[in-house]
Amino acid sequence: MSTDRPTAKHAGPRRDPWSFLAGGTGTVALLLVVIFAVIATQNPSFFEGPPLMAFARMAAPLVLLAIGQYFVIVSGEFDLSVGSLVGAQVVIAARLIDGDEARTLPVMGLMIVFGLAVGLVNGLVTTVLKVPSIITTLGTMLILFGAVRYWTGGAPTGALSESFRLPGRGGIEGVPYLGQLPYALIIAAVAAVAAVWLMRSSYGRCLMATGDNDVAAAFSGVRVWRVRTTAFVLSGFMASVAAVLIGGFSGVTAQVGDGMEFTAITAVVLGGVLLGGGRGTVVAAVLGALALEALFTLFTQLYLPATIQPTVQGLIIIAAVAYASRRGDLRLPERLRRRPGPPTEHPLGTSRR
Amino acid sequence: MNHPSLSPSPLAPRSLYSRLGTTGLVYVALVVILAVSAALVSAQGASLFTPANTVDLLARSSLLGFLAIGMTLVILCRSLDLSVGYVAALSTVVAATVMAGEPERMLLGVGAALGVCALVGLANGIVVTKLRVNPFIATLGMGLIIKGYLDTNFQGPAGEIPAAFQLFGYTRFGLLPLSAVVMLVLAAAAVWMLARTRLGHHMYAVGGDAEVARLSGVRVAAPVVTAHVLCSVLAGVAGLLLAARFGTGNALVYDNGYELEAIAAVVLGGTYLLGGRGGVAGTIAGVFILATLDTVFNVLAVDPFVKDVLRGTIVIAAVALYARGQLSRAAVRVRFPSGGRPPPEESPGPPDGGGPSAPEPAVGGTR
């Protein structure tokens with residue numbers, strides 16, 4: 001990815017007039033608008049401040065997870081451990097805080113460190129030991145799942161303190177029109193802006209190049225293992241922050257975090273980010289998360305039975321990706337069309353070696 | 001562990017040797033794990049190879065085996081199937097509701113279950129090949145679709161399996177459960193298919209490099225779709241086994257994480273996740289390794305949560321050890337074991353399915 005054409009977002013040459021629509025960003029933005037429009041017809045008061053803020057609060061954790069997952073996916077890998085990492089973090093927090101306000105900050109710090117450590121282990125095992133990331137993070141998922149339940153004896157114990165729950169539940173009161181501006185929204189927005197900035201920095205360029213073609217990136221002087229490991233660490237960090245929000249918002253249960261890794265991957269893919277790496281923007285991933293969450297809101301408003309939701313979700317992901325790959329195929333640069341193994345065809349997060 | 005495959009020079013790949021080394025390594029690992037487990041268990045004053053434990057081990061491996069054989073085929077084609085757990089659940093429900101406890105409807109039930117599964121696999125394959133959806137997403141989406149259907153329509157146990165069909169779950173020949181025999185027969189069929197038939201060679205070719213396969217005259221979509229259909233049908237067989245054991249259809253079996261366990265077994269068995277390398281023989285060893293671990297954990301009465309921790313660690317460690325062996329570039333060339341061999345007489349290129357190989361003997365034969 002060249003750095004001297006900042007306007008063409010990771011697009012091939014001479015695609016500038018279309019680059020906005022051709023990358024998944026336009027598609028997913030359109031999808032989001034359509035879903036919001038349908039919600040508006042069902043529930044006109046949805047856009048009146050408080051309900052919208054409630055939606056933002058609910059969507060914030062998924063946005064964070066999607067950003068973390070984006071880093072990993074765009075580098076050509078996968079992180080299946082975020083769901084159980086979120087679960088583990090919430091359970092650990094409840095057990096360690098045990099309702100004691102004074103322990104809130106130290107435990108939050110510990111959670112962040114723990115998240116970073118899990119990300120570091122995922123990254124190093126994947127890059128240095130060359131284990132495919134789907135296996136690495138699957139193993140981490142099993143380990144975290146088992147270890148936390150063993151530690152707590154099967155059911156989560158303890159309680160979260162009120163100040164711990166503040167980021168997930170509270171907000172800045174008295175904002176005109178909106179009512180309450182949730183902290184969760186602020187955190188997610190800051191994370192999104194930071195992620196956009198990061199992807200425009202030299203690290204982001206290296207990450208994108210690594211996902212596109214790790215051999216070429218290595219020959220260009222990118223330390224592939226370090227770039228990828230950092231992506232996993234970022235994912236672990238985002239999962240920790242998301243765990244604070246989720247713990248605050250919905251409290252402690254044994255099931256918290258279940259299946260979130262797939263939801264996050266779905267959100268990222270819905271944003272048109274290619275599994276296999278090298279393409280897609282953070283903004284698209286964030287929009288994908290919002291679209292997915294909006295879809296869940298819509299299901300609730302349409303009084304669909306909760307059990308049918310997976311079916312609709314499955315149909316929509318397949319349709320969205322089929323649509324995205326159709327466009328992608330038409331617009332694939334010659335270089336990628338000829339190559340036998342373009343990054344688009346990598347089914348799994350695995351470094352090619 | 002010492003890897004024999006580390007030594008071959010990159011220029012002269014001794015393909016047969018390194019291929020044996022790949023699968024052989026997994027079997028060596030299996031033997032080592034069995035020995036260590038036996039030692040551990042006997043240190044606790046018990047025995048691993050009591051009839052009960054052996055039956056338990058074989059019964060466990062038959063269920064995972066069905067899923068892993070199908071998964072191997074799909075992964076060899078550079079695809080993936082995350083829907084097998086849901087397909088197996090669907091199969092239990094379809095079989096149990098169609099049979100409805102009547103022995104004369106047994107064949108109908110089996111046919112219906114496997115037919116539905118084949119259709120699911122066909123859909124998976126078509127979505128992956130024709131709509132070009134990433135297999136991860138395509139099969140995850142298919143899994144979600146089935147999950148929604150099952151959750152909406154089957155809240156609890158559904159249907160009933162007649163006693164005659166429950167025999168599939170419980171019959172034993174000595175120590176060998178019927179299900180394990182069926183599994184091993186299917187595994188042997190898969191090994192034969194991959195090694196001897198055109199379809200098998202096409203699977204390796206497409207998984208190794210779809211573009212080169214296409215340029216060589218292989219219809220790229222056909223092997224992938226076939227692999228998906230076979231994988232789903234095998235998941236259906238696993239579902240039949242589950243139904244036979246439970247005596248009823250149970251939609252909730254999809255919660256057991258079968259798809260990830262099957263992928264772990266396949267990778268443990270030495271099949272390359274990016275397709276084109278590996279085989280069913282290794283997968284069976286991977287299945288037995290996982291089943292041995294489970295049995296040992298049971299015998300040693302390990303806390304179920306620690307079991308997950310150990311399983312995760314072992315899978316990562318095993319794959320890491322295995323990945324070290326794969327680092328040798330020579331391993332790249334074992335994709336066509338006969339392709340690298342110079343003598344054209346013996347094997348006139350079965351991997352290419354006949355097309356490009358035809359001129360060779362013609363030239364030699366007419367002069």
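Residues are numbered from 1 along each chain as its sequence is written, and chains are lettered from A in the order in which they are written. Local features need pLDDT of at least 70 and side-chain atom pairs count only at pLDDT 80 or more, whereas totals for chains, interfaces and linings use all residues.

**Figure 1. The side of chain B that touches chain A.** In this model, 45 residues of chain B are in contact with 42 residues of chain A (two residues are in contact if their C-beta atoms, placed from the backbone, lie within 7 Å). Helix H5 (135–153), helix H9 (210–215), helix H11 (258–268) and helix H13 (304–326) of chain B each supply at least two residues of this side. Helices (H or I, at least four residues) and strands (E, at least two) are DSSP runs, numbered from the N terminus. The most is given by H5(B), with 14 residues. By class, the side of chain B that touches chain A holds 28 nonpolar, seven polar and 10 charged residues. Here Ala, Val, Leu, Ile, Met, Phe, Trp, Tyr, Cys and Pro count as nonpolar, Asp, Glu, Lys and Arg as charged, and the others, Gly among them, as polar.

Figure 2. Leu142(A) lies in helix H6 (residues 133–152) of chain A. Leu142(A) is buried, because 27 other C-beta atoms are within 10 Å (buried means 20 or more other C-beta atoms within 10 Å of the residue's own, exposed 12 or fewer, and partly exposed in between, with C-beta atoms placed from the backbone). Neighbours within four places in sequence aside, Leu142(A) is in contact with Asp308(B), Arg311(B) and Gly312(B). Val125(A) is 17 residues from Leu142(A) in sequence and 15 Å from it in space, C-alpha to C-alpha.

**Figure 3. Packing of helices H3 and H13 of chain A.** Helix H3 (residues 50–74) and helix H13 (residues 282–301) of chain A pack at an angle of about 140°, with their axes 8 Å apart. Axes are lines fitted to C-alpha atoms, for helices over the stretch in contact, and angles run from 0 to 180 degrees between N-to-C directions. H3(A) is therefore oblique to H13(A) (angles under 35 degrees count as roughly parallel, over 145 as roughly antiparallel, 65 to 115 as roughly perpendicular and the rest as oblique). Residues making the contact include Phe55(A), Met58(A) and Leu62(A) of H3(A), and Val282(A), Gly288(A) and Glu293(A) of H13(A). The contact has 14 nonpolar, two polar and one charged residues.

**Figure 4. Two loop alanines of chain B with positive phi.** Ala100(B) is in the loop between helix H3 (84–99) and helix H4 (106–129) of chain B; phi of Ala100(B) is near 50°. With 14 other C-beta atoms within 10 Å, Ala100(B) is partly exposed. Ala301(B) is in the loop between helix H12 (280–299) and H13 of chain B, and has a positive phi of about 55° although it is not a glycine. Ala301(B) is exposed, with 9 other C-beta atoms within 10 Å.

**Figure 5. Confidence along chain A.** Chain A averages a pLDDT of 81, and 85% of the residues score at least 70; pLDDT is the predictor's confidence in each residue, from 0 to 100. Over residues 1–18 of chain A, pLDDT stays under 50. Residues 328–353 of chain A also have pLDDT under 50. Where pLDDT is low, the predicted coordinates should not be read in detail.
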